Amino acid sequence: MPYFKLQIKQVLKSKFTWISLLAILLGCFYFWIKNYNSRYINPRIIEAKENIALEKKNVRYYQKQLQKANLTKTTRSQIELDLAENKSSMKEFKTLIKAIQTNKWHKAYQIIIKQEKYNLADAKRNNVSKDNILAIESNIQKLQYLARNNLPEENEHYSVKGGFFILEMMQEVLPPLAVLAIIFILIKLYSSGFYERMRLENLLPQKNHLLIEFGTGSLIGFGYFLATFLLLFIIPSIFFGTGNFKYPMMGIDAVTKRNIFIPMYQLFCPTLILELFCFMFIASVVLLFVQVFKNRLLALFISALILVGGMILPQYVVAARIFAQFIPMSYFFSLQPVVGMFGISNAYVFADETKLVTYPQVNFTNGMLVLALGTIILLFLNYLTAQKAQKGRKTK
């Protein structure tokens with residue numbers, strides 16, 4: 001405990017700790033500011049206005065057609081029917097806009113669900129691909145869930161509310177920044193010579209020094225991440241609220257590969273648990289490299305290359321996903337395995353988006369197993385390295 005307290009003090013006194021924390025917060029809040037500037041943009045309203053403009057053109061066209069004198073009775077009746085349908089649709093879109101603007105979501109969902117069901121029937125008639133039909137069906141299920149629970153529809157990918165914003169950052173922004181900062185902090189801790197002084201003062205028992213070093217590094221790493229996580233959640237929540245924790249967030253079922261919707265509150269706990277295991281793995285990797293290379297810069301370079309490179313590679317290189325479930329770094333983006341959407345937000349830049357939902361093996365359970373097993377193996381290697389170094393000192 002005395003050693004742990006001294007290490008905490010060392011971390012808190014370090015300028016890098018606070019500079020890196022501030023840099024991560026500023027980097028993440030850059031995206032929050034973009035969301036803030038777009039907070040009044042509602043995709044439903046934009047789409048409805050576009051549809052109204054289209055319906056107005058159709059109405060003018062049909063009105064001109066009716067002015068022709070040579071129309072047959074059948075043709076005139078059909079045009080009048082089409083004209084009435086366009087006017088009805090235009091009125092419905094105007095009602096939808098007013099319902100959204102006045103927060104009358106019960107009325108809005110009736111119209112939106114009706115439109116989506118029409119789109120679904122149209123897609124089935126035209127033999128649209130199965131993936132597109134499943135996407136429409138999933139969207140209808142989400143809208144029905146929102147209607148049943150009387151929840152307003154949120155643009156969860158561009159939200160200024162705390163709960164939505166931290167989940168957006170966990171998708172691809174916060175994890176690599178936090179991992180990189182922790183690598184720097186742990187390299188400094190493990191290679192500063194501080195350990196030798198503590199051992200000489202009997203603050204760190206000789207037999208348990210390896211586990212204490214590992215445990216201290218793990219807790220410091222996870223504590224740093226948790227502090228960043230909470231700040232990114234609390235600060236937006238102060239100004240715009242947390243968002244409704246029952247709001248359904250999209251995920252993918254690992255077995256059926258169908259879209260599912262998970263209440264927001266069910267995502268936080270498993271995501272943080274997986275992150276804890278990630279930082280345990282990171283601490284064991286950095287400790288090993290510090291012992292093996294005995295050079296701070298070399299240990300820093302190799303640690304960053306393997307850990308940060310290993311977490312980014314499967315995100316963008318589709319070929320690397322064949323064995324992604326066996327790479328501990330694949331689970332550093334901990335929200336992705338929890339919702340079953342590993343790498344989907346990035347890989348469509350390089351591949352067909354419809355073929356990306358094929359990695360159910362990168363999930364929470366496998367993440368826990370791979371990270372735990374990897375940490376145990378690395379601790380054993382750390383032990384062997386420490387024993388070898390100790391024997392070397394005795395023979396001198």
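A residue is called exposed when its relative accessible area is over 50%, buried when that area is under 20%, and partly exposed in between. The model is predicted. With a relative accessible area of 54%, Arg 125 is therefore exposed. Its salt-bridge partner is Asp 122, with 3.2 Å between the closest N and O atoms. Asp 122 counts as partly exposed because its relative accessibility is 30%. Both residues lie in helix 5 (residues 105-125), and they are three residues apart, so about one helical turn separates them.

Side chains of opposite charge can pair when their charged atoms come close. Across the whole structure, a search finds seven salt bridges. One of them joins the side chains of Arg 44 and Glu 153, at 3.0 Å from N to O. This pair connects distant parts of the chain, 109 residues apart: Arg 44 belongs to helix 3, and Glu 153 to the loop between helix 6 (130-148) and helix 7 (162-172). Arg 44 has a relative accessible area of 15%, so this residue is buried. A network of salt bridges links Arg 44, Glu 153 and Glu 116.

Glu 154 forms a salt bridge with Lys 161, where the closest N and O atoms are 2.7 Å apart. Glu 154 is buried at 17% relative accessibility, whereas Lys 161 is partly exposed at 25%.

On the surface, a patch of positive charge gathers Lys 56, Lys 57, Arg 60, Lys 64 and Lys 94. Helix 3 (residues 43-66) supplies the largest share of this patch, four residues. Lys 57 is in helix 3 and counts as exposed because its relative accessibility is 55%.

Conventions:
Residues numbered from 1 in each chain as written. Predicted model: local features only at pLDDT ≥ 70, side-chain atom pairs only at ≥ 80, totals over all residues. Heavy atoms only, no water. Patch = residues over 30% accessible without salt bridge, like charges linked within 9 Å, V, L, I, M, F, W, Y side chains within 5 Å. Areas by Shrake-Rupley, 256 points an atom, 1.4 Å probe, with all protein chains shown as cover. Salt bridge = Lys/Arg side-chain N within 4 Å of Asp/Glu carboxyl O. Lys, Arg positive; Asp, Glu negative; His and termini not counted. Charge placed at Lys NZ, Arg CZ, Asp CG, Glu CD. Helix = DSSP H or I, 4+ residues; strand = E, 2+ residues; numbered from the N terminus. Buried < 20%, exposed > 50% of the residue type's maximum accessible area, 1.4 Å probe, protein only.
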